[in-house]
Amino acid sequence: MKKFSVKTIVAIGIGAALFFVLGRFVAIPSPIPNTYISIQYGLLAFISAIYGPIAGCLAGLIGHALIDATYGSIWWSWVISSAFFGAAMGFITSKMKLDEGEFGKKEILFFNIGQAVSHLVAWIVVAPVLDILIYSEPVNKVFAQGAVGAISNLVTTAIVGTLLCIAYSAAKPKKGSLSEEA
């Protein structure tokens, strides 16, 4: 697990703020009511991969709660699902070595399988079940919203999250690539 430091606390704050801005101002409405195509989950997956599950969880929780608060009420089932996704990605990517410049084909595949599974669990299991338990929402509605959310988040994370990880790892020197000049 990644070390919890001042750097991680700053990452949580910046991650939550960026999650909020992207989710509030760059959300594309979908055909399903109250469901949007969002790119902030690619950013959240990236932050989780760099700073770990606690940072991912808190950035998702705070960022999503802020988005909902601007609409008048916090929809806790989906806020918890965003936190779950951030934490899950932090655990899944914990063995990746982005800081050492490693994000090749194998890591891209691993990252995207992990994010796909995490989105499916977050939006097709966690969010709808909590919608039913907390808000007594209709089953058909919440599973339709969850399915659209899972698919759109999966696709945007595959694009945005993968590109962020590629760019970040490319900017880092590969381990052992620096040598001392004589």
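**The largest pocket and its chain**

Analyst: There are 6 helices and 2 strands in the protein chain, and the model is a predicted one. Read from the N terminus, the order of the elements is α-β-β-α-α-α-α-α. With a radius of gyration of 17 Å, close to the 16 Å that the globule rule gives for 182 residues, the chain is as compact as a globular protein of that length. The C-alpha trace spans about 70 × 30 × 25 Å along its principal axes.

The largest pocket has a volume of about 560 Å³. Its lining is made up of 21 residues, and those closest to the centre are N34, Y36, H64, D68 and W78. By type, the lining residues comprise 10 polar, 8 nonpolar and 3 charged.

At least two residues come from each of α2 (40-51), α3 (53-70) and α6 (139-171). The element that gives the most is α6, which supplies 4 residues.

Some values for the whole chain give the setting. Of its 182 residues, 43% count as buried. Among contacts between residues at least 6 apart in sequence, 76% join residues at least 24 apart.

Notes. Residues numbered from 1 in each chain as written. Predicted model: local features only at pLDDT ≥ 70, side-chain atom pairs only at ≥ 80, totals over all residues. Heavy atoms only, no water. 1 Å grid on protein atoms, 1.4 Å probe; cavity = no way out; pocket = protein on both sides within 12 Å on 5 of 7 lines; lining within 4 Å. Points joined across faces, edges and corners; volume = space filled by probe spheres on them. Nonpolar A, V, L, I, M, F, W, Y, C, P; charged D, E, K, R; others polar. Rg over C-alpha atoms; globule rule 2.2 N^0.38 Å. Buried < 20%, exposed > 50% of the residue type's maximum accessible area, 1.4 Å probe, protein only. Contact = heavy atoms within 4.5 Å.
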